[in-house]
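Here are my notes on this one, as numbered points. Have the viewer open while you read.

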Amino acid sequence: NRFLSALSQLGEELPESYSEAEMKFHIEQTKVLLQGFTDQELTEYKIMDDPSKMMAMKFCARLELSFQMIKPAAQPIVTLKMVQLSIARGMSPMSPIGFTYFGQLLARLGDVQEGCRYVRIAQALLKRIGSKEVAGEVIATGTQVLCFVEPLQTTLEYHVQGQAVAMAAGDTHGALLNSLLYVATSFWAGTKLTVCKEHCAQAHKSMEKHGHLTKLAHVIQHENNILLLMGTKDVTSKIARCSAVEIQAAQDLQEANPHVAYTSYFQKMYISFMLREYEETKALAEKYFEFNLHSWTLLYIHTAHSFYGGLVSFWVYRQSNDPNWASRGRKAKIAMKKWAESSGHNFQHKAYLLEAEEAFCNNDIESAKSLYEKAVSTAREHRFINEEALACELAGNFFLEVEMKDTAMEYFMQAHQRYHDW
């Protein structure tokens with residue numbers, strides 16, 4: 001890699017890789033390095049004045065993106081180097097990138113509050129140093145961490161701001177990254193599907209114009225799902241409006257990049273689940289769970305993977321009685337309850353619904369009744385209309401199964417109305 005070679009010439013060596021244990025050791029070492037500093041001290045830290053080290057930080061910032069796309073398991077190596085170099089030599093205009101990704105890394109490891117702390121330090125550094133060329137990426141990455149503590153609906157505006165800041169600085173990557181994350185996050189936040197459709201069309205046009213095919217592949221997946229959820233009968237013809245080049249590029253990316261393929265299987269599994277197509281859902285879920293990818297990044301979409309992967313798993317378990325599916329469902333439930341500790345607004349209703357489905361699997365009728373009701377009421381309170389509708393539908397299925405037909409009908413009627421509203 002030319003960036004690694006350039007860093008070496010600037011006196012900064014980066015190892016090719018670490019084992020997971022080695023990576024965690026170096027993360028802990030970096031946390032120890034930062035322990036002696038308050039937030040204010042880091043924000044007001046000395047400024048880097050060595051031109052060679054400033055150039056090294058620029059190369060590292062480029063590598064963050066490169067590693068995230070093609071070598072995600074090694075990305076923390078770059079992040080840790082940026083943080084360590086900032087402490088050793090002072091803050092550079094690229095330092096906010098390093099601290100933002102460090103915050104994301106800590107959140108991924110389970111310390112969401114500490115992760116958000118470093119994201120906010122990065123944002124303060126951004127204002128102090130005026131790092132316009134990386135502001136878009138800092139806002140995009142940092143916002144995804146803040147989604148784990150702030151109401152999801154309020155974080156959407158941060159991506160709008162990030163896109164505007166990046167465009168003003170001529171940072172196409174930062175602008176399109178914010179655009180993609182806005183499209184994805186607004187969908188999972190329960191934004192009306194007609195509005196989501198408009199967002200996708202705008203993002204599609206921008207990514208096509210600038211030739212960002214990886215991001216475009218993700219947008220196309222969202223477009224397809226939105227059309228199917230809206231009941232658009234001519235979805236095939238609408239999808240066909242994508243150029244042959246775009247479709248082929250998306251297929252090539254899925255074959256070349258396992259992370260793109262992984263996301264593609266999730267999206268297909270999700271829409272099959274929402275349409276209650278059991279056999280197809282099960283087949284796609286089997287392929288989805290075959291992936292054993294490790295990533296140090298943390299995005300809101302990862303919580304959707306856990307949530308819907310868990311719901312699918314409990315559904316398949318009830319049909320197959322295969323304990324592997326129950327185990328996957330329990331794993332998702334545990335993850336969701338952990339996230340609910342940092343943001344009950346975003347995750348508590350999801351945790352309740354997973355617990356309700358688990359109780360249904362265990363034939364714990366009384367617990368299931370209570371948990372479905374909590375899932376519905378909490379989703380409504382927190383304005384997740386999409387997941388309120390889903391909770392009503394799954395509750396209806398449960399009550400129908402236990403022969404409480406009047407209650408089942410009430411939930412199905414609520415589900416129909418909320419899906420219509422969405």
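1. Tyr262 comes out partly exposed, at 23% relative accessible area; the scale calls a residue buried under 20%, exposed over 50% and partly exposed in between, using a 1.4 Å probe and protein chains only. This is a predicted model, where local features need pLDDT of at least 70 and side-chain atom pairs count only at pLDDT 80 or more, while totals for chains, interfaces and linings use all residues. Residues are numbered from 1 along each chain as its sequence is written, and side-chain values use heavy atoms, leaving out hydrogens and water.

2. Now the rings. A pair of aromatic rings is described by the distance of the centres and the angle of the planes. The rule takes rings of Phe, Tyr and Trp (its six-membered ring) with centres within 6.5 Å, calling planes under 30 degrees apart stacked, over 60 edge-to-face and the rest tilted. That gives a count of 29 aromatic pairs. Tyr262 and Tyr288 make a stacked one, with 4.8 Å centre to centre and 10° between the planes. Tyr262 belongs to helix 15 and Tyr288 to helix 16 (residues 278-290), so this pair ties together parts 26 residues apart in sequence. Helices here are DSSP runs of H or I with at least four residues, numbered from the N terminus. Tyr288 counts as buried, at 3% relative accessibility.

3. What about Tyr372 and Phe398? Their ring centres are 5.1 Å apart and their planes sit at 35°, so that pair is tilted. The pair links distant parts of the chain, with Tyr372 in helix 20 (residues 365-381) and Phe398 in helix 21 (residues 385-401), 26 residues apart. Tyr372 is buried at 0% relative accessibility, and Phe398 is buried at 0% too.

4. Back to helix 15 (residues 258-274), which also holds Phe266. Phe266 is buried, with a relative accessible area of 0%. Which residues does Phe266 touch, leaving aside those up to four places away in sequence? The list is Trp188, Tyr288, Ile301, Ala304, His305 and Tyr308, where contact means heavy atoms within 4.5 Å.

5. Two charges over rings are worth a look. Arg328 lies over the face of Phe289, 4.8 Å from the ring centre, and Lys350 lies over the face of Phe384 at 4.4 Å. The test asks for NZ of Lys or CZ of Arg within 6 Å of the ring centre and within 35 degrees of the ring normal.

6. A cavity is a set of points on a 1 Å grid over the protein atoms alone where a 1.4 Å probe fits but cannot get out, and lining residues have an atom within 4 Å of a point. The count is one cavity of 30 Å³ or more, and the largest cavity holds about 40 Å³ of space. Its lining is Gln75, Pro76, Thr79, Tyr101, Gln104, Leu105, Trp296 and Thr297. Helix 5 (75-89) and helix 6 (95-108) each supply at least two residues of that lining.

7. Finally, backbone angles to check. Asn321 has a positive phi near 60° in a residue other than glycine; Asn321 is in the loop between helix 17 (300-320) and helix 18 (323-342) and is exposed at 56%. Asn363 also has a positive phi, about 60°, without being a glycine. Asn363 sits in the loop between helix 19 (344-361) and helix 20, exposed at 60% relative accessible area.

Technical notes. On a 1 Å grid over the protein atoms alone, a cavity is a set of points where a 1.4 Å probe fits but cannot get out, and a pocket is an open set with protein on both sides within 12 Å along at least five of seven lines; lining residues have an atom within 4 Å of a point. Grid points are joined across faces, edges and corners, and a volume is the space filled by probe spheres set on the points.
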